[in-house]
Amino acid sequence: MNRTKTPTRRGFWLVESAVAIAVIGIGIVAVAGSQQSWHQQQVISDELATGMRLAKEIREMTLILPSSDPVTGTGVWGVEGGESMPVDLDDLDDLDGAVFSDSDGSGPIDATRTVIVGMDDWEQQVSVECVDPFDITLTVPDGTSDTIKIEVITLHDGDEIARLVWIAPR
Ligand SMILES: [Ca+2]
Ligand SMILES: [Ca+2]
């Protein structure tokens, strides 16, 4: 009687063990997968926060700037002759087309115009343009409006990470 029962019982245990191992295996794969996903989200979140911070540094820098050059007034759009960036930056439109990049050592910069060290492969791109005061989505020729749109795009490894746009009076 016992002879016929033992192989069946052994077979049952083998199946049980195999199922248990499979369940544990699936559990481990699921935990590893969720940890990897969490880590990727954390990296993306950190990158976005850094990109936004770099854009806000430029915005903070512009808050004390006049809309037109203290020497030449509104006569020139962009950087006036003899000015070099960012040390001679003294009006908002000087920033049109400005790029502060780790690749050439010019950036990224903080609100005090100091290059932030350890920001490998980061870049700030700034554009300044005049817009229609009654429709700020409508760009008008440089210098023809009293409403300015300033846009900062931050990039990491060449990929756009964050974009900050604001309007200022001219
Ligand atoms: Ca200037
Ligand atoms: Ca200027």
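This report walks through the fold, strand pairing, core and backbone details of one protein.

**Overall build**

The model is predicted. The protein has 1 helix and 5 strands. From the N terminus on, these elements run α-β-β-β-β-β. The radius of gyration is 29 Å, well over the 15 Å that the globule rule gives for 170 residues, so the protein is more spread out than a compact globule. Along its principal axes, the C-alpha trace spans about 110 × 40 × 20 Å.

Buried residues make up 19% of the 170 residues. Contacts can also be sorted by distance along the sequence. Among contacts between residues at least 6 apart in sequence, 46% join residues at least 24 apart.

Strand 2 covers residues 122-132. Strand 2 pairs with strand 1, strand 3 and strand 4, as the table sets out.

| Pair | Sense | Bridges |
|---|---|---|
| Strand 1 and strand 2 | antiparallel | 3 bridges |
| Strand 2 and strand 3 | antiparallel | 3 bridges |
| Strand 2 and strand 4 | antiparallel | 9 bridges |

Individual residues show how these pairs line up. Strand 1 runs over residues 99-101. Val 99 stands opposite Gln 125 in strand 2. Strand 4 takes in residues 147-156. There, Thr 154 stands opposite Gln 124. Strand 3 is made of residues 135-140. In strand 3, Thr 139 is the bridge partner of Val 131. Strand 2 is joined to strand 3 by a hairpin, through 2 residues.

**The nonpolar core**

In soluble globular proteins, nonpolar side chains tend to be buried together. Here, the largest nonpolar core has 18 residues. Which residues have the most contacts inside this core? They are Ala 55, Leu 92, Leu 95, Val 126, Val 128, Ile 148 and Ile 150.

Helix 1 (2-62) supplies at least two residues of the core. So do strand 2, strand 4 and strand 5 (159-169), each with at least two.

Leaving aside its neighbours within four places in sequence, Val 126 is in contact with Ile 58, Leu 95, Ala 98 and Val 152.

**Backbone exceptions**

Most residues other than glycine have a negative phi, and most peptide bonds are trans. Some places in this model depart from that pattern.

One runs from Met 85 to Pro 86, with omega near -5°. Pro 86 is in the loop between helix 1 and strand 1. Another cis bond runs from Gly 107 to Pro 108, also with omega near -5°. Pro 108 lies in the loop between strand 1 and strand 2.

Asp 121 is not a glycine, yet its phi is positive, at about 65°. Asp 121 sits in the loop between strand 1 and strand 2. Is Asp 121 buried or exposed? Asp 121 has 12 other C-beta atoms within 10 Å, so it is exposed.

Asp 157 likewise has a positive phi, near 55°. Asp 157 is found in the loop between strand 4 and strand 5. How many other C-beta atoms lie within 10 Å of Asp 157? There are 10, so Asp 157 counts as exposed.

Key. Residues are numbered from 1 along each chain as its sequence is written. Chains are lettered from A and ligands numbered from 1 in the order in which they are written. This is a predicted model: local features need pLDDT of at least 70, side-chain atom pairs count only at pLDDT 80 or more; totals for chains, interfaces and linings use all residues. A nonpolar core is a set of buried Ala, Val, Leu, Ile, Met, Phe, Trp, Tyr and Cys residues joined through C-beta atoms within 7 Å. A residue is buried if 20 or more other C-beta atoms lie within 10 Å of its own, exposed if 12 or fewer, and partly exposed in between; C-beta atoms are placed from the backbone. Helices (H or I, at least four residues) and strands (E, at least two) are DSSP runs, numbered from the N terminus. Two residues are in contact if their C-beta atoms, placed from the backbone, lie within 7 Å. Two strands pair if DSSP finds at least two bridges between them. The radius of gyration is taken over C-alpha atoms; the globule rule is 2.2 Å times the number of residues to the power 0.38.
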